[in-house]
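Subject: Structure handover and findings

Hello,

Here is the structure I promised to pass on. Please load it before reading the rest.

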Amino acid sequence: MKKQVHSRDVRTAALKRLDERGVMIEDIAEVVYLMQAPYNVGLKMDACVESVYAVLEKREVQHAILVGTELDIMAEKRMMSEPLQSIVEMDEGLFGCDETLALGSVFGYGSIAVTTFGHLDKQKIGIIKRLDTKRGNGVHTFLDDLVASIAASASSRMAHRLRDEEEAERERQLNTQHNNKQAE
Ligand code: MG
């Protein structure tokens, strides 16, 4: 039986791959910031970076990164058989497997992640736009969708966290009021 691949190796490989393919964590965090700022007054970039890292801890996300970028690299090296080589290389709009792979890894973050992913797929912003318009300069057919999915998951995670924090704060205030009343 083959030895199991250690999670730590998968995580390291996925993070290294993003870096090698020209995607910085801050680039993804910038997209998260743009998505969440309208709903989150005082949102800090640090919180977006932290959320992106948290999403990148998920094994499913790491696997999707490794599969998608591997296919991009194979297409760059012209290692695929036709017609797939041409389809991936030209980022054929009706291909859809790039979106499907990326979409698969956002489900763990609920419906906000799914709808945000759909939005980012249409309104390519920040790094997603840069990757999409980088044609002729490497193949990023899978990478742009992967980045959109990471950003979408990180945004959804933040939205849910924000609500949790608001509710915790409200409860704290109610408890304080209650305790003050009893002390009177
Ligand atoms: Mg694509």
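Below is what I found, from the overall fold down to single residues.

**Overall**

This is a predicted model. The chain has 184 residues, and 32% of them count as buried. It holds nine helices and zero strands. Read from the N terminus, the order is therefore simply α-α-α-α-α-α-α-α-α. Along the principal axes, the C-alpha atoms fill a box of roughly 80 × 45 × 25 Å. Take the contacts between residues at least 6 apart in sequence: 77% of them join residues at least 24 apart.

**The core**

The largest nonpolar core has 39 residues. Ile 28, Val 32, Val 147, Ile 150 and Ala 151 have the most contacts inside it. H9 gives the largest share, nine residues. In soluble globular proteins, nonpolar side chains tend to be buried together.

Leaving aside neighbours within four places in sequence, Val 32 is in contact with Cys 48, Ser 51, Val 52, Ala 151, Ala 154, Ser 155 and Met 158.

How do H3 and H9 cross? The axes of H3 (residues 45–56) and H9 (residues 143–183) come within 9 Å and cross at roughly 115°. Angles of 65 to 115 degrees count as roughly perpendicular, so H3 is roughly perpendicular to H9. The crossing of H3 past H9 is right-handed. On the H3 side, the contact uses Ala 47, Cys 48, Ser 51, Val 52, Ala 54, Val 55 and Leu 56. H9 meets them with Ile 150, Ser 153, Ala 154, Arg 157 and Met 158. By class, the residues of this contact are nine nonpolar, two polar and one charged.

H6 packs on H9 at an angle of about 25°, with the axes 8 Å apart. Angles under 35 degrees count as roughly parallel, so H6 is roughly parallel to H9. H6 also passes H9 in a right-handed crossing. Asp 98, Glu 99, Ala 102 and Leu 103 make the contact from H6. Asp 145, Leu 146, Ala 148 and Ser 149 make it from H9. Here the classes are four nonpolar, one polar and three charged.

Lys 58 sits in the loop between H3 and H4. Lys 58 is partly exposed, because 17 other C-beta atoms lie within 10 Å. Its C-alpha atom is separated by 26 Å from that of Phe 95, 37 residues apart along the chain.

Arg 59 belongs to helix H4 (residues 59–76). Is Arg 59 buried or exposed? Arg 59 has 12 C-beta neighbours inside 10 Å, so Arg 59 counts as exposed; the cut-off for exposed is 12 or fewer. Not counting residues up to four places away in sequence, Arg 59 touches Ser 7 and Val 10. Arg 59 and Cys 97 are 38 residues apart in sequence and 20 Å apart in space, C-alpha to C-alpha.

- Glu 82 and Pro 83 are joined by a cis peptide bond, with omega about 5°. Pro 83 is in the loop between H4 and helix H5 (84–89).
- Arg 78 is a residue other than glycine with a positive phi, near 55°. Arg 78 lies in the loop between H4 and H5. With 9 other C-beta atoms within 10 Å, Arg 78 is exposed.
- Asp 91 has a positive phi of about 55°, although it is not a glycine. Asp 91 lies in the loop between H5 and H6. With 17 other C-beta atoms within 10 Å, Asp 91 is partly exposed.

Best wishes

Methods:
Residues numbered from 1 in each chain as written. Predicted model: local features only at pLDDT ≥ 70, side-chain atom pairs only at ≥ 80, totals over all residues. Axes fitted to C-alpha atoms, helices over the stretch in contact; angles between N-to-C directions. Helix = DSSP H or I, 4+ residues; strand = E, 2+ residues; numbered from the N terminus. Parallel < 35°, antiparallel > 145°, perpendicular 65-115°, else oblique. Left-handed = near helix turned anticlockwise from the far one by under 90°. Contact = placed C-beta atoms within 7 Å. Nonpolar A, V, L, I, M, F, W, Y, C, P; charged D, E, K, R; others polar. Buried ≥ 20, exposed ≤ 12 C-beta atoms within 10 Å, placed from the backbone. Core = buried A, V, L, I, M, F, W, Y, C linked by C-beta atoms within 7 Å.
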